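Here are my notes on the model, point by point. Please read them with the structure open.

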Amino acid sequence: MEKLLEVRQLKKHFDLGKKQILKAVDGISFHINKGETFGIVGESGCGKSTAGRTIIGLYDRTEGEVIFNGKNIHTLKQKEKHEFHRQMQMIFQDPYASLNPRSTVKEIISEPMEIHGLYQNKQERLERIYQLLEDVGLNRDHANRYPHEFSGGQRQRIGIARALALDPEFIIADEPISALDVSVQAQVVNLLKRLQDEKGLTYLFIAHDLSMVKQISDRIGVMYLGQMVELTESNALYQNPLHPYTQALLSAIPIPDPDIEDRRERIILKGELPSPINPPTGCVFQTRCPMAMELCAQEKPAWQEVESNHFIACHLYDKHKTGDHDYKQVAVTIR
């Protein structure tokens, strides 16, 4: 498959002063193929939203590269940057805060068109706005209303319409359903999947709800404290999670069968999430990992492929350091 986006050792550190550096994103690498949905999951504060904002350019990177359509976005000339921003758009987490309350829906959707000089004919632009509203499940009568006149789900649909206004190729969806009612979340996810099929879109889908990420993602990367700890295809991650952190996250997903829910074993992580200002030495997860070894505090685990298209950063699967054992047996042990 053809790569659309490639992230190489991306870092985003924030200088807080007094020699304090917050390592929000600390060296992550992955790629996204054209037409694919790549999910990023993790606890609040793991750096997933910062990663998305750094990729699109809302934050300046500290180190690393972002390659989009074969071009390094950090070396683009001004004209090329203008085209890049047209091809990559973002859906924000909070549909209440991301829409200007003083602008009508028509003005909100038309703003990116004006910035990029599209649809100069007013009637043509208006027809485009109407079409976008219908694409996201609204109607043309909504064009002259203000954001406060809509529900949360409708506002997020307006945000999606705005992201589609420039006919982009790639969309970063930064927790687009976390602020919505559970009954509305599935509707928005189904809308995103339909738009992807109709328009050939590629998504980076950021969320902390693992059950919902599974419904839309082809591959999933798991982040912890600014680093990627596991990455594989969606079904493989849920059927055979290898990293202890991933297993703990999946064990927290409720099962709608009360008999099974009562019998199943939860993995409860001990301790508090460490501060990204002063992360642990070695493996960042070693302070909370039930299988931590002495090696884990001494050395950062290598990012390695332990199965076909299944990557992990964990010393438990590093044969030459933990013994000549089968990593699958380790996975069974820690489940």
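1. Lys12 sits over the face of Phe14, 4.9 Å from the ring centre. The criterion is NZ of Lys or CZ of Arg within 6 Å of the ring centre and within 35 degrees of the ring normal.

2. This is a predicted model: local features need pLDDT of at least 70, side-chain atom pairs count only at pLDDT 80 or more, and totals for chains, interfaces and linings use all residues. Residues are numbered from 1 along each chain as its sequence is written, and side-chain values use heavy atoms, without hydrogens and water.

3. There are eight aromatic pairs. Phe30 and Phe38 are stacked, because their ring centres are 4.7 Å apart and their planes are at 5 degrees. Rings of Phe, Tyr and Trp (its six-membered ring) pair if their centres lie within 6.5 Å; planes under 30 degrees apart count as stacked, over 60 as edge-to-face and the rest as tilted.

4. Phe30 is buried at 5% relative accessible area. Phe38 is buried too, at 0%. Buried means under 20%, exposed over 50%, partly exposed in between (1.4 Å probe, protein chains only).

5. Trp303 and Phe311 also form a stacked pair, with 6.1 Å between centres and 10 degrees between planes. Trp303 is partly exposed at 35%. Phe311 is partly exposed at 25%.

6. Phe68, Phe84 and Phe170 are linked into a cluster by ring pairs.
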